[in-house]
Amino acid sequence: MKNKLILLFILLSINAMAQKKVTISGYITDEKSSETLIGATVYDSNTQHGAITNVFGFYSLTLTEGAHSLKFSYVGYTPQTKEVALLSDTTINIALSEMGELGEVVVTAEKEDAGITSTKMGSLDVPVKLIEHTPTLLGETDVMRTIQLMPGVQQGSAGSSAIYVRGGGGDENLILLDGAPVYKVDHMFGFFSVFTPEAVKKVTFYKSSFPARYNGRASSVIDVRTKDGDMQKFSKSISIGLLTSRFTIEGPIKKDKTSFSVSGRTTYLSLFTAPVMSVLKIDGEKINVGYWFYDFNAKVNHKFSDKDRLYVSFYRGIDKFWVWDNYEYNDGDSKSKDKDKYYLRWGNLISTVRWNHVYSPRLFSNATLTFNRYKMAIGDEYKYDGKSYDGKKMEEFTSEYNSSILDLGFADDFDYMPNSKHTIRYGFNYINHNFNPEASFTKLKSQSSSHPEDNTDTLMRNTGGKIHANELSLYVEEDWKITERLHFNPGFAYTLFAVGKKTYSNFQPRASLKYSPRKDVAFKASYTRMSQCVHLLTSTPISLPTDLWVPITEDIKPEIAQQYSLGAYYTGFKMWELSLEGYYKTLDNVLEYKDGMSFMGFSSDWQEMVDMGKGTSKGVELMVKKVSGKATGWVTYTLSKTDRDFDNNSQVNNGDPFPFTYDRRHNIGIVYNQKFNDRIDMDATWTFYSGAHATVSVSKETIVFPEKRIEDSWYYHNINPSTDVSYTEYVDNRNNYTLPPTHLMCIGVNFHKQKKRCERIFNLSVYNAYNAKNPDFYYSHHVGDNNGGEGKYKMRKISFLMLIPSFTLTYKF
Amino acid sequence: MLAAVATIFAACTEDIDLRDIDDTTGILCVNGFLYSDCDSNVLYITKTGITEPKDVNNATVKMFVNGVLTEEKSGADSPSDRCYCLKTKFSSGDVVRVEVDCDGKHVWSEGVVPQCPKDLDVKATFVPDKMYYDDWAEEFEKEDMYRFDVSFTDISAERNYYRLYTKKDAYILGTRYERNRWELDSVLVEWEGEIYYEYRYKDTTYREDVHISAANTELYINEAPELLDEEITANDEFYDGGIYNYYKVFKNSRFAGGKCNLRVFEMGLNGYDYNLLPPETTVIYDLADTATINEYNYTEYIGIESIDEDTYYYVKALNGFESGSFDNQELTGAVKMRRNVNGGSGNIALVGRTITKVVIYDHYKPRWVLKERDYYIDEDDSRYYDE
C-alpha cells in the first residue's frame with residue numbers, strides 16, 4: 001500500500017512538471033477613468049480557475065501553459081472575454097466599461113452572487129451608487145447610514161450615524177480611511193460621518209470572518225477607499241444641499257501616468273442663522289451661536305510602471321461650535337466692551353502614502369505609511385477693554401482644555417499567489433500611538449494704566465498625562481481552494497500591544513470554510529477572534545467630541561471577541577439572491593461603568609470607574625436581494641439577543657446579567673430602488689427596530705454621606721442646615737425597561753436631466769415620511785396625583801426628528 | 001433653510017405608561033457609616049418610596065461581632081425618625097454583621113472592619129496667601145491658610161482604600177457691628193447695632209480647600225488652593241461637569257505598603273466669619289459687617305479612615321451625585337447606586353479610623369478687626385427668601 005502511494009505521488013509530480021505553469025497578472029480598471037476596480041474577477045472557463053482583484057485592482061492567476069478563455073467581470077460593468085495562448089508569465093491589464101444602467105444599484109459580497117464566490121462570510125461591499133441612492137436626513141448621503149441598513153447592524157440614537165454590530169459596542173468598529181484608522185467619524189454630534197460620498201471609491205464592511213490583516217477592534221471593520229483620480233479626463237461635480245455643499249474635481253496630471261482627485265464639503269448653517277443671531281439679545285448681551293464643519297480630501301497617484309505605483313492621500317476635517325456674547329457699556333466717561341467666547345473644536349488630520357510594488361507576477365506588495373491625528377479642544381476666550389476716570393484697562397483671558405491622539409503607522413502587506421489554488425496574504429502593521437487624553441492651558445494678560453504694577457502676562461500650561469503605546473501586528477492567511485467545491489481560509493494575527501510597563505500579546509486565529517454542492521448554493525462556516533486595545537469613554541448615546549479614546553492599562557486588559565458563524569447562500573432564482581447567516585459571539589473584558597459611576601468628560605482614573613465582564617450575542621440574519629432590473633433592493637430580517645454578564649465580585653449590576661442597551665430583538669430593513677425611466681428614479685428605505693433598553697427608576701432610595709454635604713453654593717450652606725442624608729433614584733437592575741419600537745421611512749426621488757455640458761440631478765427627499773414619533777430621547781418622571789395619592793412614574797418620550805423634507809441639486813461635468 | 005433647521009429641533013413630547021417594569025417601592029434600605037471603637041454608630045433605615053424614601057421606625061436591628069449577637073434593637077431612637085443608634089463597639093479585624101428585619105423583610109450586610117491607619121502624623125503651618133485671579137480675571141481676596149502635612153503608613157501592600165477626615169472646632173468671642181435682616185422662626189427681623197457674640201463652630205473642612213499629594217506624586221482631590229503658584233493645577237473648575245472628590249477618598253495605588261503624605265489646606269477662621277452665625281437663624285440678607293475678635297480658639301481634627309472597596313465606590317458615587325452626574329437621565333439613564341446590603345438596598349460601611357487633634361489657637365486674643373466686607377445680594381432675587 002505504501003509503495004502504491006509513493007508511486008502515485010511520483011506520477012502526479014511528473015504530471016505536474018509536464019504541465020508548465022504560467023502566471024497572468026495585471027490590473028483591472030475602469031475604461032473611462034482608469035480607476036482600479038476592487039473585487040473584479042478573472043475566470044478561466046477551461047480550467048474553472050479564477051482570481052479576484054485586491055484592494056488595488058491587482059490580480060494574479062496561475063494556469064497551465066496553453067490556450068485559455070479568460071472572462072473579466074465586475075459588478076455594473078460589461079464583462080470581457082479574452083482568448084489567450086499562454087506560453088510564459090504574462091501581464092494583461094484590462095479596462096472594463098460601465099453598463100451605465102442606473103438600475104444596477106446592488107449590494108454584493110465581493111461578487112454579484114450573495115458571497116458565493118468568496119470563502120469568507122459576513123462581508124458586504126457597499127457600492128458608492130448605493131450610498132448615493134440611500135435617502136437620508138436632509139439629503140446628506142452618508143456611508144455610515146447606508147451601513148446601518150445592513151443586517152446585523154443596529155443604529156445608535158435617532159439620527160446618529162453610530163453603528164452597533166452584532167452586539168458590539170459603538171467603539172468596536174475599525175473604520176479605515178485608505179488604511180488609516182479614523183477615531184472620530186462624526187460631524188454635527190453624530191448626524192453625519194466624515195466621509196464625503198463623492199470622494200469614496202469603495203466601502204467594504206466586515207462583521208465576521210475578518211481578513212487577518214484587520215486588527216484592533218472587536219466587532220466590525222469598515223474599509224473606506226477613496227478615489228484615485230481619473231487618468232483620462234477631467235471631471236467635476238457640484239452638489240448644493242440644504243445643510244452642505246460639496247464639490248469634486250478629478251483628472252489626469254499626466255495622462256495614464258499621474259492623476260489627482262480633490263473633493264470638499266462644508267456647511268453653511270451659520271450663514272443662515274446669522275441674521276437671527278444678529279438681533280438676539282439675552283439680558284442685554286448679544287449672543288451668537290454658530291456651527292461649522294468642513295471635509296477636504298485630496299489624493300494623487302502616480303504610475304511609475306506596471307510594477308510600481310504610488311498613492312498619496314490626505315484628509316482634513318474640522319468641526320467648530322461656538323457661543324459668544326458681547327457686552328458694551330457706555331456711560332459718559334466710562335466705556336467698556338467685553339466679549340466672551342466659548343468654543344468646541346474637533347477634527348481629524350489623516351495622511352497616507354502607499355507604494356504598490358509587483359515583485360513578480362505572483363507576489364504583490366503594498367507598503368503604507370500613515371499619519372493620523374485627532375484633536376479636540378474646548379475653551380473660553382474673554383477680552384475686556386475699558387476706560388474710566390481711573391484710566392484704561394485691558395484684560396485677556398484664554399483657557400483651553402484639549403485632548404488628542406497622534407498615530408504614526410507603517411504597514412507592509414503582501415499577496416502571494418503561487419498557483420490558482422492558493423492565495424497567501426501576509427504582512428505586518430506597526431502603530432505608534434500617542435494619547436494625550438487631557439491637557440490644558442490658561443493665558444492671562446492684563447494691563448492697567450493706573451496700576452501698571454498689577455500688569456500680568458502669564459501662561460500656565462498643563463501638558464496632561466501623555467500615554468505612549470506601541471502596537472505591532474503580524475498576520476498570515478491563506479485562501480486555499482481544496483477542491484472546486486471546498487474552499488478553506490485559515491489565518492491568524494499575532495498582536496503585541498505595549499503600554500506603560502506592560503506588553504499584551506494576543507494570538508487571533510481565524511478560519512473560514514466554504515462548501516458549494518452546486519454552483520448556485522454555498523454553505524459557509526467561520527471562526528474569528530479579534531482583540532481591542534483602545535476604548536472610548538462615553539456615557540451618552542449621542543456622539544460627543546468630549547468622548548475620550550484611551551488605551552488599555554496595566555489593570556484593564558484587551559477586549560477579546562470570538563465569533564462563530566454559519567451561513568447559507570442561494571442564487572438559483574433569476575435576479576434574486578438569498579442569504580441566511582447565524583452567529584454566536586462572545587466578548588471578554590468588555591467594559592461597563594461600575595454602579596454609581598459615569599463618565600463626565602475627564603479620563604483621570606477612568607480605569608477605576610469601569611469593570612471588565614463578558615458579553616454574548618447571538619442572532620440570525622436573513623437577506624433577500626433583488627440585484628438587477630428596474631426595481632432593485634433588499635429585505636433583511638435580524639433576530640438577535642445580546643446581553644452583558646459581570647461576575648459576582650464585580651461592581652456592575654451586583655453581578656446580575658442584564659441586556660445590552662442596543663439589544664433589539666427584531667430588526668427589519670427594506671431598501672427599494674426603482675428606476676422609472678432615464679429621467680426619474682426613486683429610492684425608499686424603511687426600518688423597524690424592536691425597542692432598545694434603558695435604565696429607568698420608579699422610586700427613590702436613601703443615601704447617606706460620610707460628612708456634611710457640600711452645598712450648591714456658599715450661601716445655601718447657611719440657608720439649609722447641613723445634613724448627611726439625602727435620596728436618589730433607586731434602580732433595581734440596569735437596562736430594566738424596554739423602550740417602544742422605532743420605525744422610520746425615508747423616500748428620495750431623483751430627477752435627472754442631461755444638459756449640454758453636464759448632467760443635472762435634482763434630489764427631493766423626505767426623512768421620516770409618515771412622521772413616526774420615535775423615542776429619540778426618553779426619561780422617567782413623576783406625575784402627581786390630583787386626588788392626593790403619590791402619583792406614578794411615566795416615561796417621557798421626546799421625538800425631535802419628525803418629518804423633514806429636503807433637496808439637493810447636483811451638477812456633474 | 002431656517003424652516004428645515006427649526007423642523008429638526010422641533011421636539012414632540014409625549015408621556016407614555018411604564019409597562020412591564022417591576023414595582024420597586026417598599027424595598028428596605030439600610031445605610032450607615034459604622035466606626036471602630038465608637039459606641040454611638042447610627043444606621044439609617046428607610047424604604048424606597050415613589051417621591052421620596054419612607055422612614056422606617058419599627059425595624060429590628062441585630063448586630064453580630066465575630067458571630068456573636070452583641071446588640072438587638074427594636075424601633076428607631078425617635079418614633080418619627082429613621083435613626084438607629086448602635087452602642088456596640090467593635091475593633092479592626094472584627095467580622096461585623098448587621099441584620100435588619102421589618103414587615104417581613106430581612107436584609108443583611110457583613111464585612112471585616114478594616115485596620116486603622118498607622119503612624120498618623122500631622123504638622124500645621126501658617127501659609128500667607130498671594131493675590132490671584134479667577135476664571136473671569138477678577139481679583140480674589142487674599143485668604144491666608146493653614147497647611148497640614150499629614151503622613152501615615154499604609155496598612156499593607158494590598159489594595160487599601162482611605163478617606164481623609166477633617167473637622168474644625170472653633171470658639172470665638174468677639175464684637176460685631178452689623179446691619180442685617182434675619183429670619184427667626186419665620187419672622188423677619190431687621191436691626192442694626194453692635195453685638196457681642198460667642199460662637200462655637202464645628203464643621204468639616206470645606207472640601208474645596210483640600211489638596212492631596214501622595215508619595216511625592218501629585219494626586220489632586222479637588223482644585224488646589226491658588227495661594228502658591230506651583231500648586232496651581234489644571235484640574236480646576238474650568239471644565240464644568242467634572243466629578244470632584246468632595247468626600248476625599250483615595251486608594252493606596254501610589255504608596256502601596258509605604259508612607260503616604262497628604263497636604264491639606266484649611267482656611268482657618270478668617271474666611272468663615274460669614275458662617276459664624278447662631279445655628280437657629282438663617283441669614284437671608286447681609287450688607288456689611290465689621291467685627292472684632294476678642295478671643296480665638298481653633299482646633300483642627302485630622303484623621304484617616306480606612307474603608308473597604310464597596311464603601312470607596314459608594315463614596316465615589318456620592319461625589320458623582322454631588323457633581324451632578326446623576327442629573328442627566330435623558331442622556332445617561334438612571335444611575336444605579338453601589339450597594340452592599342443583601343436582600344435590599346443601601347451600603348453599610350465599616351470604617352477603621354485614626355484621628356489626631358491639632359490645636360492652632362487656644363484662648364488667643366488677637367484683637368483683630370476684620371476689614372469691612374461687602375456682600376452684595378440682589379434684593380429682587382427671590383431665591384433668597386424662604387417661601
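Predicted model: local features only at pLDDT ≥ 70, side-chain atom pairs only at ≥ 80, totals over all residues.
Okay, let's start with chain A as a whole. Of its 813 residues, 47% are buried.

Now, let's zoom in on one sheet in chain A. Which strands make it up, and in what order? Four strands, running S3-S2-S5-S7, form an open sheet with antiparallel pairing. At the edges you'll find S3 (49-52) and S7 (80-86) of chain A, each of them pairing on one side only. On average, neighbouring strands in this sheet are turned by 20° against each other, ignoring direction. As a quick reminder, strands of a sheet pair through backbone hydrogen bonds, and that can be parallel or antiparallel. Here, S2(A) and S3(A) run antiparallel and are joined by four bridges. If you want one to click on, go to Thr41(A): its bridge partner in S3(A) is Ile52(A).

Just before that, along the chain, there's a residue I'd like you to look at. Ser34(A) sits in the loop between strand S1 (21-30) and strand S2 (41-44) of chain A. Its phi is positive, about 65°, although Ser34(A) is not a glycine. Is it buried or exposed? Ser34(A) is buried, because 23 other C-beta atoms lie within 10 Å, and the cut-off for buried is 20 or more.

Over to chain B, where we have another positive phi. Asn66(B) isn't a glycine either, and its phi is near 55°. You'll find Asn66(B) in the loop between strand S5 (60-65) and strand S6 (68-74) of chain B. So what about burial this time? Asn66(B) has 13 C-beta neighbours inside 10 Å, so it counts as partly exposed. For reference, exposed would need 12 or fewer.

Last stop, still in chain B: Ala170(B), which is part of strand S12 (residues 161-184). Why does Ala170(B) count as buried? Because it has 21 C-beta neighbours inside 10 Å.

Notes. Residues numbered from 1 in each chain as written. Chains lettered and ligands numbered in written order. Helix = DSSP H or I, 4+ residues; strand = E, 2+ residues; numbered from the N terminus. Pairing = 2+ DSSP bridges. Axes fitted to C-alpha atoms, helices over the stretch in contact; angles between N-to-C directions.
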